[in-house]
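Please look over the model below before reading on.

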Amino acid sequence: MRRKDREITDPEKIRQIIDGCHCCRLGLCDQGRAYLVPLNFGYAQDESGQYTFYFHGAKEGRKIDLMRRDRWAAFEMDMGFRLHEAEKACGWTAAFCSVTGGGEITFLEEPEAKRRALGRIMAHLSGREDWDFPDGAVEGTCVYQLEVRELSCKEHL
C-alpha cells in the first residue's frame, strides 16, 4: 500500500470494518477483461486470523462459469463513504474504509457445509444465527467460499 498512513493493520479494526460492510464485490477475469459482481456475503475467521467469505446464488451463469474456470477471485468491500468538498478541484476528496484482497474459490457440495455457510451469510446480514434452511433450498442453491490469501485494509477519514 502506497499510503502507509492510511493502512489498517489492527485485526480488531479490520474485523469491525468487515462487520460494517454489506456488499462484497468479486472481481473475476473473463478472457482478459475484468468482470465485477456485487454480492451479499458472510464470513468466518479461524484461530490464526484467516478469513473465509461465503456467497450463494444460482448454480449456473457467467459468474459461476468464470469461477469454475479460474478458482482465483479478487474482492473489495467498503463502508462510510463521505464526500469532502473544497474550494479548489484538487482539494476534493472522499472519506471511506475499505478491505481488498484475493483468494481461492471453492464450491461447497455437502449439505451441512452449505448450511453452515448460509448460516454465516444470514448471521452477517441479520445479526441472528437461528436460521433453518429447507433441504430443497440447500440443494437448489450454489454455495461457495473464498479463502482469503491476500488482504489489505485502508481508512481515509
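A strand, in the sense used here, is a DSSP run of E with at least two residues, and strands are numbered from the N terminus. Leucine 26 lies in one such run, strand β2. The model that holds this residue is predicted, and every value below was computed from it.

Taken along the principal axes, the C-alpha atoms fill a box of roughly 60 × 40 × 30 Å. Of the 157 residues, 39% count as buried. Among the contacts with a separation of 6 or more, 71% are made by residues 24 or more positions apart.

Because its relative accessible area is 0%, and buried means under 20%, leucine 26 counts as buried. When its neighbours within four places in sequence are left aside, leucine 26 is in contact with a list of residues that includes Tyr35, Leu36, Val37 and Leu39, and also Phe55, Met67, Phe75, Tyr144 and Leu146. Methionine 122, by comparison, is 96 residues from leucine 26 in sequence, and the two C-alpha atoms are 19 Å apart in space.

Strand β2 spans residues 24-30, and the loop between it and β3 (33-39) is the place of glutamine 31. This residue has a positive phi of about 55 degrees, although it is not a glycine. Glutamine 31 is exposed, because its relative accessible area of 73% is over 50%.

The cysteines can be taken next. The structure holds zero disulfides. Cysteine 24 is in no disulfide, and the nearest cysteine sulfur, which belongs to cysteine 23, is 7.2 Å away; a disulfide would need the two sulfur atoms within 2.5 Å. Cysteine 24 is buried, with a relative accessible area of 0%, whereas cysteine 90 is exposed, at 82%.

The aromatic residues come next. A pair of aromatic rings is described by the distance of the centres and the angle of the planes. A search of the whole structure finds seven aromatic pairs. In one of them, the rings of phenylalanine 41 and phenylalanine 53 have centres 5.8 Å apart and planes at 90 degrees, so the pair is edge-to-face. This pair links distant parts of the chain, since phenylalanine 41 sits in the loop between β3 and β4 (42-45) while phenylalanine 53 belongs to strand β5 (residues 51-57), 12 residues apart. Phenylalanine 41 is buried, with a relative accessible area of 0%, and phenylalanine 53 also counts as buried, at 0%. Ring pairs join Phe41, Tyr43, Tyr51, Phe53 and Phe75 into a cluster.

What is the volume of the largest pocket? The figure is about 160 Å³. The residues that line this pocket are Thr9, Pro11, Ile14, Gln45, Gly49, Gln50, Tyr51, Val148, Arg149, Glu150 and Leu151. Both α1 (11-20) and β8 (142-156) supply at least two residues of the lining, and β8 gives the most, with four residues.

Notes: Residues are numbered from 1 along each chain as its sequence is written. This is a predicted model: local features need pLDDT of at least 70, side-chain atom pairs count only at pLDDT 80 or more; totals for chains, interfaces and linings use all residues. Side-chain values use heavy atoms; hydrogens and water are left out. On a 1 Å grid over the protein atoms alone, a cavity is a set of points where a 1.4 Å probe fits but cannot get out, and a pocket is an open set with protein on both sides within 12 Å along at least five of seven lines; lining residues have an atom within 4 Å of a point. Grid points are joined across faces, edges and corners, and a volume is the space filled by probe spheres set on the points. Buried means under 20% relative accessible area, exposed over 50%, partly exposed in between (1.4 Å probe, protein chains only). Contact means heavy atoms within 4.5 Å. Rings of Phe, Tyr and Trp (its six-membered ring) pair if their centres lie within 6.5 Å; planes under 30 degrees apart count as stacked, over 60 as edge-to-face and the rest as tilted.
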